[in-house]
Amino acid sequence: MRFDCEKLSDIANSIGLEQVGVASAEPLRYMQDRLERRREEGRNTPFEENDPLRRISPDHLLPGCRSIITITVPYSIAERSNAALSYGPRGKVARCAQGIDYHCIVETKAEKLASEVIKAYGRGFNYRVLSDRSPLLERELARKSGLGIVGENCTLIDKKYGSFVAIGTIVVDEDFEPSPPADQPCQKCGKCREQCPTGALLEPYIIDPFRCISYLTQAGGVFPRELRQKLGNRIYGCDTCQDVCPHNDRVPPAPHQEIAFPFFPAEPLLLPLLQITRHEFELTINLTSAGWRGKTNLQRNTILALGNSGSREAVPHLSRILENDPRPLIRLHTAWSLGRLGGSKALFALQKSAEKDPEQAVREEALFALEKS
């Protein structure tokens, strides 16, 4: 007996899920060429599965998989700007990282949905819940399940909440009635590509992740020097291509209270983040999706944002970091930011670093900053 799609939707609505759909577990063969091109052009990131075959088929995730249930959870938070307050330079945090970690919410709701479906039908099935960390092409599965369209900026666009939605998948070894796929096209206005600060959207539906600020704020290591100014005051993620998308005009805030409460302000003060303790980090930012990359990554981004802020009040703080912080990665980015801010105190700190820092890469960055000052 095939599980009924309409009944599945009723069950989902009863637990607070507005959007649920089903795709067959057949491999997405039509996506293979695009994935091969991505790999050949060197656009695969360390965060994703490198084998195209494992991305288009769920068999390796659940033996005997026959259907894939997809859900979306909106995460857009009502704007709470702090820009009018003059307590110092502020950063910018993407919407997806302001509330509690959406992975936890998506996975919890997906588990609840699977449990309620089993209860309603009186027979069990094997399943596996995945969200974001899945090797599968979640956006395409969501489109195929009728949950939205895929925009030219590679985001899934829900008809009610726009692209500010998180996707979850449940792979199951039972037959569910497939949903009709979404066929409404993206408006193809090109605004997302025109406004991308780094030109990461190479062409419609093709993105270079190594130029994407959202990816770069999460990637470890040295932030590419040629893109540091493009970062602006962003310290986690980037919503630019979504903010300019006409599909996101007047989208309502997320209905889930756990998402709506901001553990990470949209515009946090930057200077306090330089001194945030491990305990403070665990109680706030680590509860959001920004927490998974750790405190060092966040502070690296914060230092670059201070360099782009033009605020000379940051110079004493950055000078102390350049001299005393034990992390070479942090000192390297601090040298760049001091060079951007300039002034005699910044130049003095850079000169000292260029002569005495124990790490060659930091000394070289300090020298570069001095030459550009």
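**Ground rules.** I am working with a predicted model, where local features need pLDDT of at least 70, side-chain atom pairs count only at pLDDT 80 or more, and totals for chains, interfaces and linings use all residues. Residues are numbered from 1 along each chain as its sequence is written, and side-chain values use heavy atoms, with hydrogens and water left out.

**Entry 1: the overall count.** I started by searching the whole structure for salt bridges (a side-chain nitrogen of Lys or Arg within 4 Å of a carboxyl oxygen of Asp or Glu).

**Entry 2: Glu203 and Arg37.** I looked up this pair and found a salt bridge, with 3.1 Å between the closest N and O atoms. Glu203 sits in strand β8 (residues 201-203) and Arg37 in helix α2 (residues 32-40), so the bridge ties together parts 166 residues apart in sequence. For my own reference, helices (H or I, at least four residues) and strands (E, at least two) are DSSP runs, numbered from the N terminus. I then checked accessibility, where buried means under 20% relative accessible area, exposed over 50%, and partly exposed in between (1.4 Å probe, protein chains only). Glu203 is partly exposed at 33%, and Arg37 is partly exposed at 31%.

**Entry 3: Glu107 and Arg133.** Here I found another salt bridge between side chains, at 3.1 Å from N to O. Glu107 belongs to helix α4 (residues 102-121), while Arg133 is in the loop between β4 (127-130) and α5 (138-144); the two are 26 residues apart. I have Glu107 down as partly exposed at 27% and Arg133 as exposed at 56%.

**Entry 4: Arg225 and Glu365.** The closest N and O atoms of this salt bridge are 3.0 Å apart. Arg225 is in the loop between α7 (213-218) and α8 (228-231), and Glu365 is in helix α17 (residues 360-372), so this pair joins parts that are 140 residues apart in sequence. Is Glu365 buried or exposed? I found Glu365 buried, with a relative accessible area of 3%, whereas Arg225 is partly exposed at 35%.

**Entry 5: Thr334.** I finished with Thr334, which lies in helix α15 (residues 328-341). Setting aside neighbours within four places in sequence, I listed Ile303, Leu318, Ile321 and Leu322 as contacts of Thr334.

Note on methods. Contact = heavy atoms within 4.5 Å.
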